[in-house]
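Hello,

Here is the structure I promised to pass on to you. Please have it open while you read, and my notes follow below.

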Amino acid sequence: MPRVNRKRRRSPAPEMHRNNRYKESPPDFSLLASLYPSFSPYLIFPSSSDRPTIDFTDFSATRELTRVLLLHDHGVNWWVPDGQLCPTVPNRSNYIHWIGDLLSSNLIPAIRDSDSNSEKPVHGFDIGTGANCIYPLLGASLLGWSFVGSDVTEVALEWARKNVESNPHILHLIEVRDARKSESLDGDEFASTSVPSDHVLVGVVKEGERFDFCMCNPPFFESIEDAGLNPKTACGGTWEEMVCPGGEQAFVSRIIEDSVSLKHSFRWFTSMVGRKVNLKFLISKIREARATVVKTTEFVQGQTSRWGLAWSFLPPKRNLISPNAPIKTNFSFMLEGLPRKAGAFQVLKSVETFFFSTGASCKSDMTSFSVNVTLSDEQTGKMLNDGTKRNWPDILDSAVDGLSFHITV
Ligand SMILES: C[S@@+](CC[C@H](N)C(=O)[O-])C[C@H]1O[C@@H](n2cnc3c(N)ncnc32)[C@H](O)[C@@H]1O
């Protein structure tokens with residue numbers, strides 16, 4: 001009998017995404033210095049190792065590293081002025097590849113062209129693209145995706161546009177949009193009216209636009225003092241880039257609120273989250289908003305953890321168990337940790353909460369006392385690798401495209 005443990009074992013430490021080119025071969029600083037002489041002055045040779053490194057507390061050194069990595073590995077010309085946020089290419093690539101997984105899982109079906117019925121090319125929206133415009137540049141150069149990148153500061157808009165214009169091969173794929181201006185009511189042109197500052201998507205997304213996803217690396221901090229906490233790195237970052245009243249919790253809450261109004265304009269809404277406590281708060285906010293599916297992941301970011309949060313309001317595709325599956329498709333299981341006198345309603349809620357915490361899509365039906373659960377193959381894999389594996393029926397081992405099942409209490 002499968003047993004659903006409510007306490008989950010600690011999951012294994014997250015790794016770089018399997019498609020991240022730096023997972024197996026980290027940047028070779030010696031090679032880069034030999035190819036790009038402007039990088040060589042930044043090399044340092046710690047006595048304990050033969051491999052050179054750079055001083056990651058030196059802004060000029062980290063910016064030059066980002067510049068040569070983007071050029072050498074992605075064919076992208078790039079620069080930001082002193083003090084602007086300098087992205088780490090391997091870290092930022094993980095978020096792009098995770099979105100690639102969400103899209104290719106087809107859990108939320110692709111947008112189709114109404115005339116030809118073929119899948120439309122992937123189109124994304126980067127909220128707060130920054131002067132560095134890193135996500136559109138990576139998404140376009142790695143995967144050929146097109147983007148709208150929004151921002152609200154002059155310097156970010158000016159430099160994001162410069163970074164796009166320096167790359168004629170992907171210029172047609174990226175539009176940089178001023179999020180302070182809203183679309184006029186007749187839908188034709190941008191008027192000079194301001195978008196209310198408590199919106200990030202509403203008023204910025206144009207009438208009739210459809211996106212496969214939005215993404216965001218939000219201003220994480222509530223004050224600039226909080227932002228300066230990591231003395232081990234010098235990634236730059238101005239007040240506007242790093243700070244938002246209420247911190248990331250308030251910023252991502254605004255995305256969630258806007259996502260309710262724009263639920264049909266995006267397949268997936270996503271954001272990066274910097275603190276686990278905020279992740280929990282935001283998941284419950286998304287549940288309250290009645291999203292059909294919520295997914296999370298943990299990103300490797302050097303010594304610090306970051307999370308990816310994704311949700312959708314569109315109906316998930318049901319991956320039904322194949323007709324070739326063994327005949328026995330009914331199983332009983334026990335729930336641990338519930339009080340003996342728990343009523344059917346409480347049991348139903350616990351089942352729903354358990355599967356929701358794995359990122360599954362769940363819908364309970366109070367009239368039939370049942371829950372419909374949909375797990376992607378990644379979530380199924382996670383559960384099978386968890387402490388519950390020994391108790392799951394063999395049928396789950398063969399689930400490759402995810403699972404949908406129905407639990408009756
Ligand atoms: C942490 S930075 C991220 C920059 C870049 N995406 C990256 O990952 O390095 C956050 C960005 O959000 C922008 N921002 C703040 N409020 C915004 C809003 N309401 N709409 C769009 N962008 C906003 C800031 O100006 C800043 O460039």
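Helix 7 (239-242) contributes the most to the shell around the ligand, with 3 residues. Helices here are DSSP runs of H or I with at least four residues, strands are runs of E with at least two, and both are numbered from the N terminus. Please keep in mind that this is a predicted model, where local features need pLDDT of at least 70, side-chain atom pairs count only at pLDDT 80 or more, and totals for chains, interfaces and linings use all residues. Residues are numbered from 1 along each chain as its sequence is written.

There are 21 residues around the ligand, and Gly128, Gly130, Ala179, Asn217 and Glu241 come nearest. The elements that give two or more residues to this shell are helix 4 (134-143), strand 5 (146-151) and helix 7. By type, the shell divides into 11 nonpolar, 7 polar and 3 charged residues. Nonpolar means Ala, Val, Leu, Ile, Met, Phe, Trp, Tyr, Cys and Pro, charged means Asp, Glu, Lys and Arg, and the others, Gly among them, are polar.

An unreviewed UniProt entry lists Arg92, Gly128, Asp151 and Asn217 under "binding site". The positions are given in the numbering used here, feature names are shortened, and such annotations may be inferred rather than shown by experiment.

Two of these may interest you. Arginine 92 lies in helix 3 (residues 89-105) and counts as buried because it has 20 C-beta neighbours inside 10 Å. The cut-offs are 20 or more other C-beta atoms within 10 Å for buried, 12 or fewer for exposed, and partly exposed in between, with C-beta atoms placed from the backbone. Leaving out residues up to four places away in sequence, arginine 92 touches Pro87, Ile134, Tyr135 and Leu138; contact means C-beta atoms, placed from the backbone, within 7 Å.

Glycine 128 sits in the loop between strand 4 (123-127) and helix 4. With 23 other C-beta atoms within 10 Å, glycine 128 is buried too. Beyond its neighbours within four places in sequence, it contacts Ser150, Asp151, Cys216, Asn217 and Pro218.

Best wishes

Definitions and conventions: A residue is near a molecule or strand if its C-beta atom, placed from the backbone, lies within 6 Å of it. Two residues are in contact if their C-beta atoms, placed from the backbone, lie within 7 Å.
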